[in-house]
Amino acid sequence: MIPQEPVRAERHIPDPWLPVFRLVGWLDRENGRGQQEISLRLLKLVEEAGEVAQAYIGTVGQNPRKGVTHTTTDVADELCDVIITAMVALTSIADGNPDDILAAKLAKVEQRAAANEGGAR
């Protein structure tokens, strides 16, 4: 069953969009927001996802020459980079409020999950 309340409901969950807007503003001032810059922001997301994979591979020691090179903390850190980079990219291309766009998408995903609850796995 999908929980209706956040697991950590007793904690204040800060709004992550304010620092994202500041990051986008900084990037816009430094690099503009032309087609090439948008492309590079999207490509940065792929780069960060690759770093997640690299870190996870390092946690299981898949490469016998290197052994275990990363921790789950490293993987979590890289996942945060992916989330931040995706939020920056979304803010950079969004027509409208990226928070509303993400909230609408999350609601759709939650509805699909709830509809499939107890279904075939």
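## Valine 46, out on the surface

Valine 46 is exposed, because its relative accessible area of 58% is over the 50% cut-off. In this predicted model, valine 46 is found in helix H2.

## The overall layout

Now for the whole protein. The protein has four helices and zero strands, and its elements run α-α-α-α from the N terminus on. Of its 121 residues, 20% count as buried.

## How H2 and H3 pack

Two packed helices are described by the angle between their axes and the distance between the axes. Helix H2 covers residues 35–60 and helix H3 covers residues 72–93; they pack at an angle of about 165°, and their axes are 9 Å apart. Angles over 145 degrees count as roughly antiparallel, so H2 and H3 are roughly antiparallel to each other.

The crossing of H2 and H3 is left-handed. Sorted by class, the residues in the contact of H2 with H3 are 14 nonpolar, four polar and seven charged.

## A nonpolar core

Which residues make up the largest nonpolar core? There are six in all: Trp17, Val20, Val24, Leu27, Met87 and Val88. H1 and H3 each supply at least two residues of this core, and H1 gives the most, with four residues.

Tryptophan 17 is buried, because its relative accessible area of 4% is under the 20% cut-off.

## The aromatic pair

Tryptophan 17 also has a part in the next feature. The structure holds one aromatic pair. A pair of aromatic rings is described by the distance of the centres and the angle of the planes. Here the rings belong to tryptophan 17 and phenylalanine 21, with centres 6.2 Å apart and planes at 35°, so the pair is tilted.

How far apart are these two residues in helix H1? They are four residues apart in this helix, which spans residues 17–31, so about one helical turn separates tryptophan 17 from phenylalanine 21.

Notes. Residues are numbered from 1 along each chain as its sequence is written. This is a predicted model: local features need pLDDT of at least 70, side-chain atom pairs count only at pLDDT 80 or more; totals for chains, interfaces and linings use all residues. Side-chain values use heavy atoms; hydrogens and water are left out. Axes are lines fitted to C-alpha atoms, for helices over the stretch in contact, and angles run from 0 to 180 degrees between N-to-C directions. Angles under 35 degrees count as roughly parallel, over 145 as roughly antiparallel, 65 to 115 as roughly perpendicular and the rest as oblique. A crossing is left-handed if the near helix is turned anticlockwise from the far one by less than a right angle, and right-handed if clockwise. Ala, Val, Leu, Ile, Met, Phe, Trp, Tyr, Cys and Pro count as nonpolar, Asp, Glu, Lys and Arg as charged, and the others, Gly among them, as polar. Rings of Phe, Tyr and Trp (its six-membered ring) pair if their centres lie within 6.5 Å; planes under 30 degrees apart count as stacked, over 60 as edge-to-face and the rest as tilted. Buried means under 20% relative accessible area, exposed over 50%, partly exposed in between (1.4 Å probe, protein chains only). A nonpolar core is a set of buried Ala, Val, Leu, Ile, Met, Phe, Trp, Tyr and Cys residues joined through side-chain atoms within 4.5 Å.
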